[in-house]
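Dear colleague,

Please find the structure below, handed over for your use.

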Amino acid sequence: MRDTLRLSYCTALAASLALGACSGGVTPAVSPAGAPHGALLRPNSTTFYGCPSFKGHPYDDVITNARVDKHSADYINSMIQAGNTAGFYASIGNEQINLADKNTPLLTVQPKVKFHQFPVPYPWLSNFFIEPTSDHHAVVVQTQSCRVYESYGTTYASGSLGAYCGANWKLRGHFKAMPPGTPSAMASGLSLFAGMVRWEDYQSGAITHALDWTAIAHTVSEDGFVKPASDTDHLAFYGSSAYQLPYGARLRLKASFDTSGLGPQATMVIDAMKTYGIYLADTGTSSNGLYFSNEENGENPWSWSDLSALDQIKLSDFDVIKLPKLQSAP
C-alpha cells in the first residue's frame, strides 16, 4: 500500500514537518532555572497512580546481562557515520500526563489523515495538556480502567478533538506490539508513556523501566523495525553501511560509564540506561532525545543544570542488545 502519498499511516505530515510520518522526535525546551526538588521516596515505584505500567516484558526487563548483538559495533558505527555524533538531551517541560477517571467525558478523535483511524474514544477535558512544541503529543491515563491513550499532532477546539495518529493500551498487561505498518504517537508504534521519564520515577528513587529514545533523523533504518516496534518513519538513511539500526532496537549503556560528580537526576537516568536500556522509538532533528514529563499540576520540576550532563553520553557508549527478527514496514 506504500506509494508517494502514503509513507505510513500518517504520511500527510511529511509535507509540513519534513521528518516523515508521526515523527518529529524530541524538541528542545527552554532550560529552566533552579535546583531539583527533593526526592520523596514512595513505597511502590512500579505503579502510576495505582496503575501498573505494562508489567513484565518488554519495558520492565532488566538487561544488565543480556546478550550483545554480534553486529552491535557495526550498527553504532553506521549511525555515527550517518551523522549522529551528538550527545543525549533531556526534553523537559514539554510533556505531561493527563489524568482521567470514570467521570471524564469520552470524545471521538477526528483523524486528520484517512490512513489512520482511532477505534475508541479518548477521555478528554478542555484543560488537558497538549505538548506545546511541534509534535503536539497528548497522553491520558484513565486511572480506574488503567488504560493509556496517546496521540500525535493533537488539537482541541470547540469541543472537537483531532490527531494525526495514536494508540491506546491496557496498562495492566504486557505491552503488545501493534500490527506491522501501524504507528502510535511515535513513528515506531511504541508507547510514549511507557518509555517516559516520569517525575514519579524520581520521587520513588529509581527508574524501573526502559526509556524511549528519539535519534537524529536519517541515521536509522528507513524501513526496518523489530518487535516491540511496529513501524518506521520511512526517512532515508544518510549513511553508506548496510547495518541500519531498526526501530525497536534496545541499547544498553556500558556499565563502565562513569557517573562520578553527576547530579541525582542525571545519575538516575544513566542507571536506568545501564539496567533497563533505551528503545529506538522515534527521530528528531538534531539531538538524541529522552522524554520527561511534568508533574500532574503542570509544573516542570526538572533541573537543567543537572540533566545537561546527559550530553556527555555518546552512541559509542552503548551496546546493541541482540536484535529480534528484522521486519520491514509496508
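**Findings**

His 234 lies in the loop between E14 and E15, where helices (H or I, at least four residues) and strands (E, at least two) are DSSP runs numbered from the N terminus. The phi angle of His 234 is near 60°, a positive value in a residue other than glycine. At 4% relative accessibility, His 234 counts as buried (under 20% relative accessible area, with exposed meaning over 50% and partly exposed in between; 1.4 Å probe, protein chains only).

Before the remaining points, a note on the source: this is a predicted model, in which local features need pLDDT of at least 70 and side-chain atom pairs count only at pLDDT 80 or more, while totals for chains, interfaces and linings use all residues. Residues are numbered from 1 along each chain as its sequence is written, and side-chain values use heavy atoms, with hydrogens and water left out.

A positive phi, near 70°, also occurs at His 218, again a residue other than glycine. His 218 sits in the loop between strand E13 (211-216) and E14, and is buried, with a relative accessible area of 17%.

Pro 228 is placed in the loop between strand E14 (224-225) and strand E15 (250-253). The peptide bond that joins Lys 227 and Pro 228 is cis, with omega about 15°.

Lys 227 and Pro 228 are also among the residues closest to the centre of the largest pocket, together with His 57, Tyr 279 and Pro 324. A pocket is an open set of points on a 1 Å grid over the protein atoms alone, with protein on both sides within 12 Å along at least five of seven lines; a cavity is a set where a 1.4 Å probe fits but cannot get out, and lining residues have an atom within 4 Å of a point. The largest pocket holds about 240 Å³ of space, a volume being the space filled by probe spheres set on the points, which are joined across faces, edges and corners.

There are two cavities of 30 Å³ or more. The second largest cavity holds about 50 Å³, and its lining includes Phe 48, Tyr 49, Glu 200 and Ser 293.

Finally, Thr 182 is found in the loop between strand E12 (165-170) and helix H3 (199-204). Thr 182 counts as buried, at 12% relative accessibility. Its side chain reaches the backbone oxygen of Pro 179 at 2.9 Å.

With kind regards

Technical notes: A polar contact is a pair of N or O atoms within 3.5 Å; within protein, one must be able to donate a hydrogen and the other to accept it, and residues adjacent in sequence count only if both atoms are side-chain atoms.
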